[in-house]
Amino acid sequence: MNPCTQPEVPVDDGDHRWMSQHLCHIAQTKEREPDVLFIGDSLIHHLQYRSVWTELYEPLHCLNFGISGDKIQNVLWRILNGELNNINPKVVVLLVGTNNIHNTPEEICEGILCIVSAIREKLPTSYIVVIELLPRGRNPNPIRDHSNKVNQILRTKISNLSKIETVSASKGLVQTDGTISHHDMPDFLHLSDAGYRKAFESVYELLNQLLFENEKEQDLTPSE
């Protein structure tokens, strides 16, 4: 049995932080109607505290449902237990999997696709954007190779699916000698403000295309 496809609440440390965040997300769905929903682990969670979020993403009417430390199975549980119940975003952006390093690339991809299927069932009209796993570690290492394999499988599996696509967020992070700068990744896992600007530039460009391309085409259509 693939643990990545089994919805799971993480082990509580005794302060109920994870569940409190989940309930806060549910409360937000009853107060706001986002055009874009970001959901995932710490790489999504921390995005909302960076200047790039305020400058680029808040104007797009985004909600951030990231929780630090989440694995694929934790995000799946949240989706199945209320976090999508009261909203109908135009786009859902998913980034999760870096914390599943002890699972095989095939298991990780199956888990991510299980999340995609759950999103599609709850939000049949939403476009889904899956951000590929980011590189980690200062120097080339087996975990990077592991993530690259995940990304290769994901691209193949998703390429023929309707209203869903992958996007790479690795642009500019890995330098020509294979290293990652601490200016972009202070702990070589989480992104700095500069790192977010590099990594999420392609995500922002894709969101603008998805949100506004149809509107522009309609504006250019001659009226009868």
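**Figure 1. The buried residues of helix H4 are Ile 72, Gln 73, Asn 74, Val 75, Leu 76, Trp 77, Arg 78 and Ile 79.** In this predicted model, local features need pLDDT of at least 70 and side-chain atom pairs count only at pLDDT 80 or more, while totals for chains, interfaces and linings use all residues. Residues are numbered from 1 along each chain as its sequence is written, and side-chain values use heavy atoms, with hydrogens and water left out. Helix H4 covers residues 72–80, and eight of its nine residues are buried, so the helix is largely enclosed by the rest of the structure. Here, buried means under 20% relative accessible area, exposed means over 50%, and partly exposed lies in between (1.4 Å probe, protein chains only). Helices (H or I, at least four residues) and strands (E, at least two) are DSSP runs, numbered from the N terminus. The cover over the buried residues of H4 includes helix H1 (17–29) and helix H5 (105–122), along with strands E1 (36–40), E2 (62–66) and E3 (91–95).

Figure 2. With 34% relative accessibility, Asn 81 counts as partly exposed. Which residues does Asn 81 contact, leaving aside its neighbours within four places in sequence? They are His 22 and Ile 26, where contact means heavy atoms within 4.5 Å. Asn 81 and Ile 39 are 42 residues apart along the chain, and 14 Å separates their C-alpha atoms.

**Figure 3. Leu 63 is a buried residue of strand E2.** The relative accessible area of Leu 63 is 1%. Not counting residues up to four places away in sequence, Leu 63 touches Gln 28, Arg 32, Pro 34, Val 36, Leu 37, Phe 38 and Trp 53. For a sense of distance, find Gly 137: it is 74 residues from Leu 63 in sequence and 29 Å away in space, C-alpha to C-alpha.

**Figure 4. Ser 42 belongs to helix H2 (residues 42–45).** Is Ser 42 buried or exposed? It is buried, with a relative accessible area of 6%. Setting aside residues up to four places away in sequence, Ser 42 touches Ile 67, Ser 68, Gly 69, His 190 and Tyr 196. UniProt, in an unreviewed entry, places the feature "domain: SGNH hydrolase-type esterase" at residues 38–197. UniProt positions are given in the numbering used here, feature names are shortened, and annotations may be inferred rather than shown by experiment. That span is 38% helix and 14% strand, and the C-alpha atoms at its ends lie 16 Å apart.

**Figure 5. His 16 and Phe 188 both have a positive phi.** Most residues other than glycine have a negative phi, and most peptide bonds are trans. His 16, in the segment before H1, has a phi near 60°. Phe 188 has a phi of about 60° and is placed in the loop between strand E5 (164–167) and helix H7 (193–199). At 22% relative accessibility, Phe 188 counts as partly exposed.

**Figure 6. Asp 12 lies in the segment before H1.** Asp 12 is partly exposed, and its relative accessible area is 37%. Leu 23 is eleven residues from Asp 12 along the chain, and 15 Å separates their C-alpha atoms.

**Figure 7. Stepping back, the protein has eight helices and five strands.** From the N terminus on, these elements run α-β-α-α-β-α-β-α-β-α-β-α-α. The radius of gyration is 17 Å, close to the 17 Å that the globule rule gives for 224 residues, so the protein is as compact as a globular protein of that length. This radius is taken over C-alpha atoms, and the globule rule is 2.2 Å times the number of residues to the power 0.38. The C-alpha atoms fill a box of roughly 60 × 45 × 35 Å, taken along the principal axes. Of the 224 residues, 48% count as buried. Among contacts between residues at least 6 apart in sequence, 80% join residues at least 24 apart.
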